[in-house]
Structures are given as structure tokens and as C-alpha cells.
Amino acid sequence: MRPDQDPAIDDAHLQSADALAARLEVNPRIGLTAEQAQRRRDIHGENRLPEAAPRGVIRRIVDQFRDFMVLVLISAALLSGVIGDLADTVAIAAIVLLNAAIGLTQEWRAERALDALKRLAAARTTVRRDGLALTIDTSHLVPGDVVLLEAGNLVPADLRLHKVAQLRVDESTLTGESVTVEKSTAHLREGEHPLGDRLNMAFKGTVVTHGRAEGLVVATGQRTELGRIAGLLRDTGARSTPLQLRLADFGRRLSLVVLFICGLVFTIGVVRGEPVLLMALTAVSLAVAAIPEALPAVVTVLLALGARRMVKVNALVRRLPSVETLGSVSVICSDKTGTLTQNRMQVQAVEYPGGGTPQPLWTAALLCNDASPDANGAWVGDPTETALVDAAMRSGMDPQAIRAAHVRLHEWPFDSERKRMSTLHRDGSDWVVFTKGAPEALVPRCTRVARGQQEAALDVAQALGAAAAMAEQGLRVLAVARRSFGTDPAGQPAEAVEADLVLLGLVGLADPPRPEVKAAVSDCRSAGITPVMITGDHPATALAIARELGIADANSPVLTGVQLAELDEPALRRLAGDVHVYARVDPAQKIRIVQALQAQGQFVAMTGDGVNDAPALKQADIGVAMGLGGTDVAREAASLVLLDDNFASIVAAVREGRRIFDNIRKFIRYAITGNSAEIWTLLLAPLMGMPIPLLPLHILWINLVTDGLPGLAFAAEPAERGVMRRPPRPPGESLFAGGIWQHTLWVGLLIAALCLGVQAWALKTGMHWQTMVFTVLTLSQMGYVLAIRSESESLFTQGLRSNLPMAGAVLSTFALQLAVIYVPPLQKVFRTEALAVGELAICLASAVVVFAIVETEKWLRRSARRLRPAEAGTHQEPAA
């Protein structure tokens, strides 16, 4: 059948690669044309697993009214309308609808921000189309595409492999078998073959752990083997972040207290002779306004908007909880190459320990090399390998001509255990293997050294000493060797082939530090964060770069992978706090370093890019993957992806995380304080012998205008001036730490005291007491929100223009309140009366009092902080 008619090819493993390519109408060396790919995509759809359908608009609207207290309020309002107070019913219904609209808007903003992040985090795949290697969105794959795989890739679709090089795949997601499977290209005999026995297939969702391969796409999306069981794997729904769960639990406990107080207000009012229905509406309205059921939803919006803003500092959030935990990071463990350095390698020095010549060395460096020219003729690939090509070309060699004369027949890919790579070529009637790798991993496997056109016995210690001397200059050193064979060694293991080698030379490459990293390291130190370098490079190279960046000083120790392997866990935990540079470390050892630091109580961010880094990224409190040079597996394991692979972006993300968490705390403080002010006012007024100061409609209005716009404007609040000059926040620290509980209590009482004072004075003097209390309670919260924009800095220092959305929200709330007071139709609805200039001035003065007292509290805290260092400096020990 034609590929544009056949939805999936179930017998691909039984067919030869050539027969399957013919069936799919594709030449594996060229791939599909753009027109073929588009036509097949139109037929087969996108390469995605089935997803749960999003909630429809009707469902979203209904969800806004599922809260029990909102339903009680609507019922009470309807009862009020039946009795005859239709205006209240309409007004209450309007405010409930407005609240629902705000809730829908918040949900839409959060989902839009998260969808944008999801699009940025979309998986990418390398394919061959029109004869060129292209990187495309994985969802755009179609049957017949030629996919190029390498270690660290997630297999993007079901593939029939037609070219493999030492390929091993982890298929545990499908088969449950934890042992990796070595793949081949031969077709299987007729018969039933379980998935685990289909050695010429690579299935969607499995992981390439070693080697490289090419394969033809035979099934995409729900027609893949993974897609067929996707119903068992579907997400059960968005998980709440730890902060949301804590807020939900706090809200439930606070709700019980609020309901008890509302019951008291109802009882006191009825005992005083107030109408039962009015008191019922008042109590329910107070419960709706004061119960913080919307806190988790608003926090979601703030987290999502913060995560979206993080993209501007090149940090892509993959898991929302990482936004709230970034502020707790106390140690950042970073790779060196590409993260602390520019990843722009250049050959700076070459050593020939035996007095060899350049040509054999550069020939080997060109052939044992995976860099390739792009469509424009520029060499692309691993920066170390492109640097070797550039150096060879500068020495007068033609890479294309040398590769054409010595075609690669086989390869033993680099892995982190061997720290070497080898390739096999013909050399006349012989076979020759070229090897490059770390000097300490390759030089001991050499027995001879090139000397001109001859060979001589190798002094291993002398060669290693030369490599160490180059590393001490901050160079990354590679050893290059060769070995000739009389027969084809392709079937032999790497350990057998990479022995009895002839050393051709040592190449020293420099990768200069990124210019912005030194300042970022300094910011880390100021913020109480310890930067740690973990690299596979030589200890001397690592220490030279670490000293230049300020990560280490002249006396800092370096712990190598060999030394680390000799330490037991208690010994490593004792050393971990003092070691800031780890060299020649295997990815598997990173997890021990993370665990040792965590055992000391540190909150660890760990960077990684390779498939073997995934366990350490998962173990770390914040796993950070590389967006440019990282593997699919590392990105899947990480909670944060650096779009520019830059250490400075981690520090910027930590800064942004601290800003977001600070603003969430400010919003929570603001919401709880305002709610407590409303509760105190309605509870204490009847106890002081005064009438209930607010109507149900007033309570709901205050909740609508004070919680909505100003609350969300905290998302735009800039970072505190000293946000990176304070220690990390303890991960388990309460949201109300630092005296916030006491603060919300006394400010809530302050606002309530002002309301009750104005009420008592207005009752005595015959003023419009209810409208005044209504206005004082609204405007006081506006004065308060301006005062708590910063926890320590004065608003006069910050300026209103530093958060224009907040200034707009406050002005809008003020304008709406004036409309309720002075616009005749709204006066009738809200039962307000136009305030005289003097009465409005009293209300404004009350808001100013709240603002001034909270600003004074901040000034006292600033003064106390300034005094503490001075007292410490003048303190003298008493005489003995």
C-alpha cells in the first residue's frame, strides 16, 4: 500500500530496509521532499499521543460557581428577591458574575502562559529531508521520514533502523526490561516477535543510551506502540504545586475560623434585632469575601506569569513548582564547558612527545571526528571537534579529501566511562584505528610514540607530565593515537582495539570563560549561594578556570573522580562543604555529590546535558538542563532548561524565582490583611453597640475591587533592591515567617479601628456613616497595597512608575469607588449617599494613616538593620 494510505506498518521488522524504503517511497540517503512531508502530515496528522480534551467554555464557567459558599450566597440572594428586595438580588448576582469573569480571565492568562512555555519546550528531532539534515518539531514527523539518532535522544516515533553504530536503547518504558538492548539492522524471520525481540526497531518514547543510528519512520502518534497503550499513560490532570497545596490546606483551616466568626456576626445581629434575612446575607457575604478560596488560583497565575517572564532571562521552566523553589537554592553545581565557558574551542598548543610531525596527528584528528560541513560550508558539531578541523585546515590539510580517501568503516563512539572515541579506516592493504580522548585515559594504553616516520618506545610518565603542564595553563588537553591491523577489527570490543596504541601527539584547546559569568559568580556569593564546578576536564584546567571566575581561590582543593570513588558516604559528606571544584568526574558520580550536599542541608541546583546526567538532575532539588547542547533525556529529567546554556542565566533565574516568591507572599499578606479588616469591622461594631456597618453588597464590592486588579498587579512588581544580597530562603519556611502573621493581625485591627472610629464619630455628628465606613475600608486597602509593594524600601524611593499596573489598579479602584458613591443609579443599587468634601477627606485621611503607619514600620526595620552592624563593630569584649 502507498504511504499516504497506510496508517501504520505493523510488519516493518520483517522487511528488509531496502524493501521498506521502496514501500515508503523514500531514498534513505536523501529523505522525503518538503512537499511529500507536508502531504503526509495532512493525511496522518501530528505525531502526538492522545491527550485529554481541554475543558470547554461551559465547563469552565460552571466551575466558577462550584464553591459551596457562593452557591449559598446565590440562594440567599434569590430568597431576598422572592421576598421583594429585587435590587439587592440583581446587584449581588452582578457582582458574583463579575467575580466569575475575573476567575475565568485569571485561568485564561495562566493557561496561555503555560501553553507558551509548552510550545517553547516542544521536543525537536533531527531528520534528513531533501538531502539535508534538519532539526524539526517532533510533532511534524511523518511516515517515511529518515530520523537521525544519537546517545541521549528520546526516540520520536516508531522506526525501522537501517543504519546503526554501537546503538543501545533503553526500552523499559515499553517492555519493563531494565537492561539496554543492542540494536541491529537485519530483518527478522516470519513469525511472532515480542517488542523486546524486534532488534531492528526503535520505538517511540524509548531512550538511546549509546551510539548512533538512522531509521525510517513507520508509525507516528497514536499508531505507535506507545500510542496504543497511551490510554494507560494519560495525565490524570494538572498537579498542584507544593505552595498551592499548602495554601489550599491553610484556606481550609482558615475557612473554619471565618465560618465561626460569620456565625457570631449573624447571632449578634439577630439578638440586636436586625432582620434575620439581612443578617443571613451579611454573614454569607462576609464568608464569601473572607474565605481565601481563590488564593491557590491567583498563585497559579502569578507562578505561570513568572515562568513566562523567566524565558526573557533564557530560563525555560518545565515544572511549575521549580519557580517557587528557586529562591531556596543554596548551591549551584555547574558543568564547565559551555556553561561557565563560551564553548568556542580553539587549538592553542600542540605537543609531540616523541618528536612526531603534524600530518599524522591532524589526519587522525580529522578522521576520528564527527564534525560535518553544513549547507554553507561551515563546519558544525561538537566545539572540540570543529576546533580540530579548523586547526587541521590552518595547517594546510583538506578535510573532505582526507575523508574521501579514508572512508570510515566502523566506529566505537565516545562514552563517559572510557573517555575515548575510535574510528576504523582502510590504509592500503591494512586497517587503521584512530583514537582520541583524555590523556589519562588514552596515554596509558599507548606503548609507542610517533617519531618522524618511525616509532619509538613511549615514556608514559613523561607524556602524562607534558599533558599536565598544558592543563595547568588552563588548556583542555586531548591525546591522539593510532593502531594498524592486518585484519578487520570491526567485530572486536573497544577495550581490545584501544590497546597497544601509537601516540601521535597532545592537543591543547582553550575555551575562554563567558564574560558575564564572573559577575554572576559574585552575585551568587552575595546571595549566600555557593557555586561549584563539576567537570570531566583535567584538574589543573578546571582549577585555572575556577580561579579566574572566583569559584575557587589559591588554596581551594580539587577533588577528582578517582579520589571521590575512594571515599565512603560519611567522608564525602564531610568534604563536600569545602570542595568547590570537582574534576574528571563521571556523570554517575554527580549524584553522590548532590546527595552529599543535600545531607548537609543544602538546596542544590545541578546542571547536566548528557543521558547519564539524568539521575543527578532528578536527585537535585532543581535539575537544570542545557537547551542548546543538552540531550532529550536530560531535558526530560530537568525542571529548568537554559536556552543559552549560560551559568549567568541560572543566577538570573534564581533572582527571578526570589522575586516571584516575594510577590506571592506580598499578595497573600495583602489578601489576608484585607479580609481580617473586614471581619474585625463587622464583628466588633455590634459588640461596641453600633449597627452592622456594611450591607452584604458592600462586602462583595470591596472583595471584588480590592482583591482583583491590585492583587494581580503584584505579578509586575520588580525585585527587591537587595534580593541577591540575602541568604537563600529555607525550603520549609512558612509563608508567614518573618512576622507576617503578627503584621496581618495588627494592620487588620488598625484598618478596623479606623472604620469603627469613623463610624462612631459619624453616628454622633449625623454624617453618612455607612457610606463612610464602606469608603474607608476600600481606600485603606489601597493605601496598604502601595505601602507593601516592598518589604523594606519606601514607596517614595521606589516611585509609582516602577509598577505601572499597580498604579493603574489603585487609580481604577479609587475611580470605581467614587462612581459607587456619586453616580445616582449606582447610589440606588449600593444604597450609598454622596459624601461631602469633608467626609471624603476623612476617608482619604484614613487611607493615608494606614499607608504612613506601615511605611513607618518599614523605616524602623531599616533603622534597626543599620544599627546592628554598627553595634557589632563597636562591641568590645569585657575585661577578664
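On a 1 Å grid over the protein atoms alone, a pocket is an open set of points with protein on both sides within 12 Å along at least five of seven lines, a cavity is a set of points where a 1.4 Å probe fits but cannot get out, and lining residues have an atom within 4 Å of a point. Points are joined across faces, edges and corners, and a volume is the space filled by probe spheres set on them. The model is predicted, so local features need pLDDT of at least 70 and side-chain atom pairs count only at pLDDT 80 or more, while totals for chains, interfaces and linings use all residues. Residues are numbered from 1 along each chain as its sequence is written, and side-chain values use heavy atoms, with hydrogens and water left out.

The second largest pocket has a volume of about 940 Å³. Its lining has 30 residues, of which Arg726, Glu791, Ser792, Arg861 and Arg865 are the closest to the centre. By residue class, this lining holds 17 charged, 7 nonpolar and 6 polar residues; Asp, Glu, Lys and Arg count as charged, Ala, Val, Leu, Ile, Met, Phe, Trp, Tyr, Cys and Pro as nonpolar, and the others, Gly among them, as polar. At least two lining residues come from each of helix H26 (647-687), helix H29 (740-765) and helix H34 (837-874). Helices (H or I, at least four residues) and strands (E, at least two) are DSSP runs numbered from the N terminus.

The largest cavity contains about 80 Å³. Of its 14 lining residues, Ile9, Asp10, Asp158, Met201 and Glu225 lie closest to the centre. Strand S7 (207-219) and helix H7 (225-228) each give two or more residues to this lining, which divides into 7 nonpolar, 6 charged and 1 polar.

An open sheet of 8 strands runs in the order S8-S25-S24-S23-S9-S20-S22-S21, with mixed pairing; two strands pair if DSSP finds at least two bridges between them. Strands S8 (315-317) and S21 (558-560) are at the edges with a single partner strand each, so one side of each has no neighbour in the sheet. Within the sheet, S9 (331-334) and S23 (604-608) pair in the parallel sense over 3 bridges, and Val331 stands opposite Val604 in S23.

Helix H27 (696-707) has 12 residues, 11 of them buried, that is, under 20% relative accessible area (1.4 Å probe, protein chains only). Among the buried residues are His698, Trp701 and Asn703.

Definitions and conventions: Buried < 20%, exposed > 50% of the residue type's maximum accessible area, 1.4 Å probe, protein only.
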